[in-house]
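User: I would like to go through this model and test each label against its cut-off. Please start with the terms, then give the values.

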Amino acid sequence: MRTGRNSWPYDSNYRPGRFTGWIVPLAFLLLLETGARLGWIPARLLPPPSELAQTLWSLAVRGELVPHISASLARVAAGFVIGSSLAVAAGLLVGISRRAEALLEPTFQALRAIPSLAWIPLLLLWLGIDETPKVVLIAIGAFFPVYLNLVAGIRDIDHHLIEVGTSSGLKTGQLIGHILLPATLPYLFAGLRSGLSLAWMFLVAAELIAATRGVGYLLSDGRENSRPDLVLAAILILALLGKLSDSLLRRIEYKSLGWRDARRSSGQQTS
């Protein structure tokens with residue numbers, strides 16, 4: 001009978017506390033505050049966390065914080081939904097058709113290599129300076145991780161499953177709905193989480209496009225006015241929003257893939 005010592009991860013029996021993940025960031029903030037108070041860290045370059053808290057409170061009291069966060073959330077949500085939806089459609093097409101793969105894969109790989117900032121002048125010329133180019137840029141960022149992971153998941157499917165579905169008389173749509181998508185869900189969620197992370201990264205570039213609201217705008221405003229407290233406050237907001245959105249997607253993943261954890265637990269018990 002196998003013991004937990006030989007399983008992987010090697011500490012699979014460990015159960016973290018509810019606030020274990022807060023230890024490192026809180027310790028880091030405490031060190032920064034202590035270093036700033038003792039004069040080890042120049043406040044003009046790296047303001048202490050207490051000053052960042054005052055900056056955030058000032059923005060909230062003036063009624064500026066919520067509109068900035070709301071604008072960024074709306075852009076990320078729209079771009080992520082559009083980009084990931086197109087990625088699922090393209091990934092399914094490329095994954096099930098060698099002709100589509102030969103036709104589209106080289107183009108997608110070339111587009112994936114283009115930096116986010118390189119898209120901005122072209123999107124400005126094509127789409128103007130309203131919300132559309134911002135959402136499109138975020139959608140571009142979200143597209144490729146979802147597409148790549150889904151294609152990889154389809155290629156890793158056991159061909160016997162496809163043969164069973166085909167011999168059972170399933171049509172293409174039924175094959176996708178009953179076999180391909182369920183089998184590739186772990187890959188798809190990995191791509192969605194990576195795509196969501198890139199969507200937040202592309203948000204900063206997107207809000208450089210003539211934005212007057214948004215967390216990326218706060219970053220730019222802090223840089224132009226030489227306010228490191230505002231820059232760091234915006235970075236902190238981005239980190240918190242990214243973590244919260246990823247936690248939400250991870251919870252959806254956990255509920256959707258509960259069968260995988262149950263099967264893994266039963267496998268460990270029987271081994």
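Analyst: Exposure labels come first. Buried means under 20% relative accessible area, exposed means over 50%, and partly exposed lies in between. One caution: this is a predicted model.

User: Why is Glu-101 called partly exposed?

Analyst: Glu-101 has 24% relative accessibility.

User: What makes Glu-101 and Arg-155 a salt bridge?

Analyst: The rule asks for a side-chain nitrogen of Lys or Arg within 4 Å of a carboxyl oxygen of Asp or Glu. The N to O distance for Glu-101 and Arg-155 is 2.5 Å. So the pair meets the rule. The pair links distant parts of the chain: Glu-101 sits in helix α4 (residues 98–112) and Arg-155 in helix α6 (residues 131–155), 54 residues apart.

User: What makes Arg-37 and Glu-33 a salt bridge, and how are they placed in helix α1?

Analyst: Their side chains meet at 2.7 Å, N to O. The cut-off is 4 Å, so the salt bridge label holds. Both belong to helix α1 (residues 23–37). Because they are 4 residues apart there, about one helical turn separates them.

User: Are Arg-37 and Glu-33 buried or exposed?

Analyst: Arg-37 is at 59% relative accessibility, so it counts as exposed. Glu-33 is at 17%, so it counts as buried. The limits are over 50% for exposed and under 20% for buried.

User: Why is Arg-223 with Glu-224 called a salt bridge?

Analyst: The closest N and O atoms of Arg-223 and Glu-224 are 3.9 Å apart. The rule takes pairs within 4 Å, so this pair qualifies. Both residues are exposed.

User: How many salt bridges does the rule give, and which residues are linked in a network?

Analyst: The count comes to 9 salt bridges. Arg-75, Glu-131 and Glu-207 are linked in a network of them.

User: How do you know that His-68 is buried?

Analyst: The relative accessible area of His-68 is 7%. Buried means under 20%, so the label follows. His-68 has its place in helix α3 (residues 65–96). Neighbours within four places in sequence aside, His-68 is in contact with Thr-212, Arg-213, Gly-214, Val-215, Tyr-217 and Leu-218.

User: Why is Gly-214 called buried?

Analyst: Its relative accessible area is 0%. That is under 20%, so Gly-214 is buried. Gly-214 lies in the loop between α8 (172–206) and α9 (215–224). Beyond neighbours within four places in sequence, Gly-214 is in contact with His-68, Ala-71, Ser-72, Arg-75 and Glu-207.

User: What makes Ser-226 worth a note on its phi?

Analyst: Most residues other than glycine have a negative phi. Ser-226 is not a glycine, yet its phi is positive, about 55°. Ser-226 is found in the loop between α9 and α10 (228–256). At 63% relative accessible area, Ser-226 is exposed, because the limit is over 50%.

User: What describes the packing of α5 and α6?

Analyst: Packed helices are described by the angle and the distance between their axes. The axes of α5 (residues 116–127) and α6 come within 10 Å and cross at roughly 145°. The crossing of α5 past α6 is right-handed. On the α5 side, Ser-116, Trp-119, Ile-120, Leu-123 and Leu-127 make the contact; on the α6 side, Thr-132, Pro-133, Val-136, Leu-137 and Ile-140.

User: What makes up the nonpolar patch on the surface?

Analyst: Phe-19, Trp-22, Leu-26, Phe-28 and Leu-29 form the patch. Together they have about 570 Å² of accessible area. Phe-28 is found in helix α1.

User: How many helices and strands does the chain have, and what share of its residues is buried?

Analyst: The chain has 11 helices and 0 strands. Buried residues make up 35% of its 271 residues. The chain exposes about 16800 Å², and carbon and sulfur atoms supply 65% of that.

How values were computed: Residues are numbered from 1 along each chain as its sequence is written. This is a predicted model: local features need pLDDT of at least 70, side-chain atom pairs count only at pLDDT 80 or more; totals for chains, interfaces and linings use all residues. Side-chain values use heavy atoms; hydrogens and water are left out. Helices (H or I, at least four residues) and strands (E, at least two) are DSSP runs, numbered from the N terminus. Buried means under 20% relative accessible area, exposed over 50%, partly exposed in between (1.4 Å probe, protein chains only). Patches are made of residues with over 30% relative accessible area and no salt bridge: like charges are joined within 9 Å, nonpolar side chains (Val, Leu, Ile, Met, Phe, Trp, Tyr) within 5 Å. Accessible areas come from the Shrake-Rupley method with a 1.4 Å probe; for residues, only the protein chains shown count as cover. Contact means heavy atoms within 4.5 Å. Axes are lines fitted to C-alpha atoms, for helices over the stretch in contact, and angles run from 0 to 180 degrees between N-to-C directions. A crossing is left-handed if the near helix is turned anticlockwise from the far one by less than a right angle, and right-handed if clockwise.
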